[in-house]
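These are my notebook entries on a structure I went through element by element. I wrote down each item as I looked it up.

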Amino acid sequence: MKQLTKAEEEIMQALWQLKKANVKSIIEILPEPKPAYNTVSTIVRILESKGFVDYEKKGKGHIYFPIVAKESYSNQSINKLVDNYFQGSFKSMVSFFVQKNDVDVKDIETLLDEINKNNPQ
């Protein structure tokens, strides 16, 4: 799966939220300052060429929808982050966040409880 640019990811976030939308609807939910219609239209076509978005014709326009699930892209992005910055070690990543971001002990305990629930021994 290809990586998305920041602008592409912003459009995908909107499409994941809307499920199906035309360019005008995508622009409506984007934060200020709103990008130009042609900019969003171009990005959507790039997303289509990358295999993230498809469309159905509606009248003279198109209704776009994601064909890559948000969860799939999120998993791939997290794995790439862990591989590129933490030598593939989830433990190193968690340790980094604990050291650099003052993660609360209660947050770690909650995380451990979730891990134990999802991976019973």
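**Entry 1: a charge over a ring**

I began with lysine 20, whose charged end sits over the ring of phenylalanine 65, 5.7 Å from the ring centre. I note here that the model is a predicted one.

**Entry 2: aromatic pairs**

I next looked up how many aromatic pairs the structure holds, and I recorded four. One of them joins phenylalanine 86 and phenylalanine 96, with 5.5 Å centre to centre and 55° between the planes, and it is classed as tilted.

Phenylalanine 96 is at 34% and counts as partly exposed.

I also noted one aromatic cluster, which is formed by Trp16, Phe52 and Tyr73.

I tested the length of H5. Its 12 residues, at 1.5 Å a residue, should span 16 Å, and the end C-alpha atoms are 16 Å apart, so the two values agree. The expected span uses one less than the number of residues. After H5 comes aspartate 102, and I read its phi as positive, near 50°.

In the loop between H4 and H5 I found glutamine 87. Its phi is near 50°, a positive value in a residue other than glycine. With a relative accessible area of 69%, glutamine 87 is exposed.

**Entry 3: backbone in the earlier loops**

I turned to lysine 19, in the loop between helix H1 (6–18) and H2. The phi of lysine 19 is also positive in a residue other than glycine, near 75°. Lysine 19 counts as exposed because its relative accessibility is 57% and the cut-off for exposed is over 50%.

Which peptide bond is cis, with omega near -10°? I recorded the bond from glutamate 32 to proline 33. Proline 33 belongs to the loop between helix H2 (23–29) and helix H3 (37–49).

**Entry 4: tyrosine 64**

I located tyrosine 64 in strand S2 (residues 61–66). At 7% relative accessibility, tyrosine 64 counts as buried.

**Entry 5: a nonpolar surface patch**

Last, I looked up a nonpolar surface patch of about 340 Å², made by Phe90, Leu111, Leu112 and Ile115. Which helix gives the largest share of the patch? I found that helix H6 (residues 105–118) does, with three residues.

Isoleucine 115 lies in H6.

Definitions and conventions:
Residues numbered from 1 in each chain as written. Predicted model: local features only at pLDDT ≥ 70, side-chain atom pairs only at ≥ 80, totals over all residues. Heavy atoms only, no water. Patch = residues over 30% accessible without salt bridge, like charges linked within 9 Å, V, L, I, M, F, W, Y side chains within 5 Å. Areas by Shrake-Rupley, 256 points an atom, 1.4 Å probe, with all protein chains shown as cover. Salt bridge = Lys/Arg side-chain N within 4 Å of Asp/Glu carboxyl O. Helix = DSSP H or I, 4+ residues; strand = E, 2+ residues; numbered from the N terminus. Phe/Tyr/Trp six-rings, centres within 6.5 Å; stacked < 30°, edge-to-face > 60°. Buried < 20%, exposed > 50% of the residue type's maximum accessible area, 1.4 Å probe, protein only. Lys NZ or Arg CZ within 6 Å of the ring centre and 35° of its normal.
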